[in-house]
Amino acid sequence: MHIVLQLIPKKYLIGGTLILLGLSGLLVMSTIVAITGEFEKDSQQSEVTEIEGGGIGVGTANVSPQVMKYQPLLEKYAQKHGLDASYVPIMMALMMQESGGRGNDPMQSSESYCNGTVGCIKNPELSIDKGVLHFKSVLEKANYDLKLCLQSYNFGPGFINYVMKNGGKYTPELAISFSQLQYQEVKHTGKYHCVRPEMIPYGACYGDAKYVDAVLKYYTGTITADGKLTAPASGGSGGKSGVKVIDAGKTLIGKTRYVFGGGRSQSDINAGRFDCSSFVRWAFEQVGMNVGPMSGVTTDTLKTQGQAINPKDMKPGDVVFFDTYKIDGHVGIYVGDNKFLGCQGKTGVAIASMAKGTYFGDRFNGRVKRF
């Protein structure tokens with residue numbers, strides 16, 4: 001090999017080396033562009049796919065960052081156990097009440113998993129796995145009465161039987177009377193005391209008789225009188241409000257530039273600096289719909305809200321998600337005719353095609369939400 005190199009003129013060796021270096025540089029640059037070119041937002045990743053077949057309504061969890069970080073795991077195990085992902089905000093609110101997202105058992109699911117033994121779970125993911133499974137089980141036994149489900153998560157499934165024998169629907173009065181009866185049976189052990197001072201006069205010191213209110217203070221959503229979650233009476237963003245939100249969003253076409261990263265300040269908005277999620281959030285705000293704080297909005301916060309819609313049934317104003325640099329990496333507002341309105345990297349706010357064979361058409365993942 002050394003002899004061959006000696007026979008090649010030096011100028012050719014130098015030229016060949018420069019060509020190789022140039023090709024290597026192009027390869028590196030192409031790799032960097034491929035990795036970064038489709039970034040839409042930097043938020044927690046979640047390997048969750050859409051659960052088709054409708055949804056249970058709209059809702060937003062108002063929780064701490066410690067709870068928020070468990071959102072992907074809650075979605076993961078909701079899918080695993082066949083629970084509609086729209087229940088995730090309620091479970092986040094429940095976790096906020098149980099632990100604030102702290103400790104190794106953030107859903108406090110040891111008792112249900114270990115037959116009454118407290119503290120047997122030492123791993124947050126196991127806590128969420130078993131907590132979601134228990135939540136689903138209690139929800140089904142409660143005939144999807146959310147308030148009955150929540151109170152039973154605290155009291156145990158015996159409360160469901162008690163309610164079924166006394167009218168069949170959750171009421172605060174039944175929660176207090178059940179707590180009174182149970183406390184009379186266990187107070188001799190000395191292990192129980194009133195977690196709420198206002199319950200002492202009632203002798204309702206078993207569990208937390210006001211657990212439903214405690215959880216729901218961390219949740220903003222629509223709940224009917226019978227305790228069931230429901231879609232908005234107006235038909236949501238897929239109705240007349242959908243046309244209005246599209247019209248509002250169109251006013252920014254040609255007036256914005258895309259800046260990577262979720263969450264925006266008022267100065268960003270004034271300067272027309274949006275990413276995909278902050279644009280969607282802004283558009284809905286213009287028609288009086290609050291879908292979470294602007295300062296923390298991401299595709300991951302948006303996908304937990306609203307009613308899950310089968311893609312075959314989507315209407316203008318529905319929110320659509322795409323798998324770009326990650327699962328649910330991009331979001332926009334469906335405008336009809338296989339097109340959506342969104343804030344894209346090269347165009348800012350614009351209407352783009354999601355027809356098969358196009359960039360976004362091939363990346364549409366079937367997740368559709370109606371706010």
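Visitor: How many aromatic pairs does the count come to?
Guide: Welcome! This is a predicted model, and rings of Phe, Tyr and Trp pair if their centres lie within 6.5 Å. By this rule, the number of aromatic pairs is 16.

Visitor: Is the aromatic pair of Phe159 and Phe178 stacked, tilted or edge-to-face?
Guide: The two ring centres are 5.2 Å apart, and the angle between the planes is 65°. Planes over 60 degrees apart count as edge-to-face. The pair of Phe159 and Phe178 is therefore edge-to-face.

Visitor: How many residues apart in sequence are the parts that this pair ties together?
Guide: Look for Phe159 in helix α9, residues 158-164. Its partner Phe178 sits in helix α10, residues 172-186. The pair therefore ties together parts whose separation in sequence is 19 residues.

Visitor: Is Phe178 buried or exposed?
Guide: Buried means under 20% relative accessible area. Phe178 has 6% relative accessibility, and Phe159 has a relative accessible area of 0%. So Phe178 counts as buried.

Visitor: Is the pair of Tyr162 and Phe178 stacked, tilted or edge-to-face?
Guide: Here the ring centres are 5.3 Å apart, with the planes at 55°. Stacked needs planes under 30 degrees apart and edge-to-face needs over 60, while the rest count as tilted. So the pair of Tyr162 and Phe178 is tilted.

Visitor: Which helix holds Tyr162?
Guide: Tyr162 is buried, and Phe178 is too. Their pair ties together parts 16 residues apart in sequence, because Phe178 lies in helix α10 and Tyr162 in helix α9.

Notes: Residues are numbered from 1 along each chain as its sequence is written. This is a predicted model: local features need pLDDT of at least 70, side-chain atom pairs count only at pLDDT 80 or more; totals for chains, interfaces and linings use all residues. Side-chain values use heavy atoms; hydrogens and water are left out. Rings of Phe, Tyr and Trp (its six-membered ring) pair if their centres lie within 6.5 Å; planes under 30 degrees apart count as stacked, over 60 as edge-to-face and the rest as tilted. Helices (H or I, at least four residues) and strands (E, at least two) are DSSP runs, numbered from the N terminus. Buried means under 20% relative accessible area, exposed over 50%, partly exposed in between (1.4 Å probe, protein chains only).
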